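Here is a quick tour of a model, written for someone who likes to know the cut-offs behind each term. Have the viewer open as you read.

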Amino acid sequence: MPLKRVFGEGLNNTVTSDDVLGKEVIDSEGEFLGVVEMLHLDPNLVEVAGITIDKGFLKSGLVIGKDYIERIAPHAIFLKIRPFFKLKGMIVFDSVGEKIGVVSKAVLQENKNQIESLLVNVSSLGREVLIPADLIKSIGENVFLITEKDNLKFN
Amino acid sequence: MEEVFEKTKSFEQTINLRRIIGVKVLTERGFSIGRVVQLRIGPNMKNIEGILIKRGIFGPLVFFGATYLDKLTPEGIVLNMEPAILLRGRKVVTYDGEVIGSIREIVRFGGTNDIKNLVVHSFLRGTFNVPIAEIKSLGKSIILKNTYNAPKKSLWRRS
């Protein structure tokens, strides 16, 4: 039976929640993060506020605000960002490629996807170093710093 | 120790090449690609022309020309690019977010790192070429532009 439609304007180019739920989410690096589990609506503005991503079995979910969503494509949702929870476990190298340690925690600015600092586990004995964001040169597969290992202060 | 040099770096500013052998090689994005097995110099014996690296115990040997080296120290070697050969096996995704296959081969311009096209394979779409002009971004997966028309799925027309 055809649906009866009552709407003001602009409903022709919309997608439904059924179209979004269960869709793959791809970050700005092209990595598949998981599938959309929930849609968050702003009750006052009556618009989508964000999505929750199911990252897989036994993994905690991830909430992404709508400002970080690039577009909703027919088969996937593309993000503008690479979520920084991905930093945990990355290896940190100094400017000449010497290994410093492994990221144990990324401290973010409030709930934004901007790094304030990285807590890096230097050895299995629990030595750690806090690396401020301004010492980070680049983040890709791993993390490169702009300085050499000797210039860091270890705890 | 006495030094004799003219218009070149002093002894302190140079590196003992023996210390480079076995050093880990990192790509621009920090991926550990292998370890140095040889340093190659030109016939004029003045400059290092490149490094030969081994990717894992049973991995292939790969030569990187000196122009692709960013830093060369006894602590590590950092390349100034992401080698195209690392793309092999990565997923290819259309602008619509559909996975249409994975990369089987990377066709480059000669021996450079510049990609000419990607050879993509999928069970239902067969093997097909994706020119570099149709690629939007290269990363963990390859995202294509909205101008690219992927081959249709077919069980009987595989090549």
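Some housekeeping comes before the details. This is a predicted model, in which local features need pLDDT of at least 70, side-chain atom pairs count only at pLDDT 80 or more, and totals for chains, interfaces and linings use all residues. Residues are numbered from 1 along each chain as its sequence is written, while chains are lettered from A and ligands numbered from 1 in the order in which they are written.

**Confidence.** The predictor gives the complex an ipTM of 0.80 and a pTM of 0.83. Chain B has an average pLDDT of 90, with 97% of its residues at 70 or above; pLDDT is the predictor's per-residue confidence, from 0 to 100. Strands here are DSSP runs of E with at least two residues, and helices are runs of H or I with at least four, numbered from the N terminus.

**Chain A.** An automatic or database domain assignment sets the domain bounds: chain A splits into domain 1 (17–82) and domain 2 (85–151). Their centres, taken over C-alpha atoms, are 27 Å apart.

| Strand pair in chain A | Bridges | One set of facing residues |
|---|---|---|
| strand 2 (32–42) and strand 3 (47–54) | 7 bridges | A:V35 and A:D54 |
| strand 3 and strand 4 (62–65) | 4 bridges | A:I53 and A:L62 |
| strand 7 (91–93) and strand 8 (99–108) | 3 bridges | A:V92 and A:G101 |

The hairpin of strands 2 and 3 of chain A has 4 residues between the strands, and there A:V46 takes a positive phi near 50°.

Chain A also has an open sheet of 6 strands, in the order 10-9-8-7-12-11, with mixed pairing. Strand 10 (128–132) and strand 11 (136–139) of chain A are at its edges with a single partner strand each, so one side of each has no neighbour in the sheet.

**Where the chains meet.** Counting residues as in contact when their C-beta atoms, placed from the backbone, lie within 7 Å, 21 residues of chain B touch 20 residues of chain A. On the chain B side, strand 5, strand 6 (76–79) and strand 12 (142–144) each supply at least two residues. The largest share, 3 residues, comes from strand 6 of chain B.

Conventions: Two strands pair if DSSP finds at least two bridges between them. Two residues are in contact if their C-beta atoms, placed from the backbone, lie within 7 Å.
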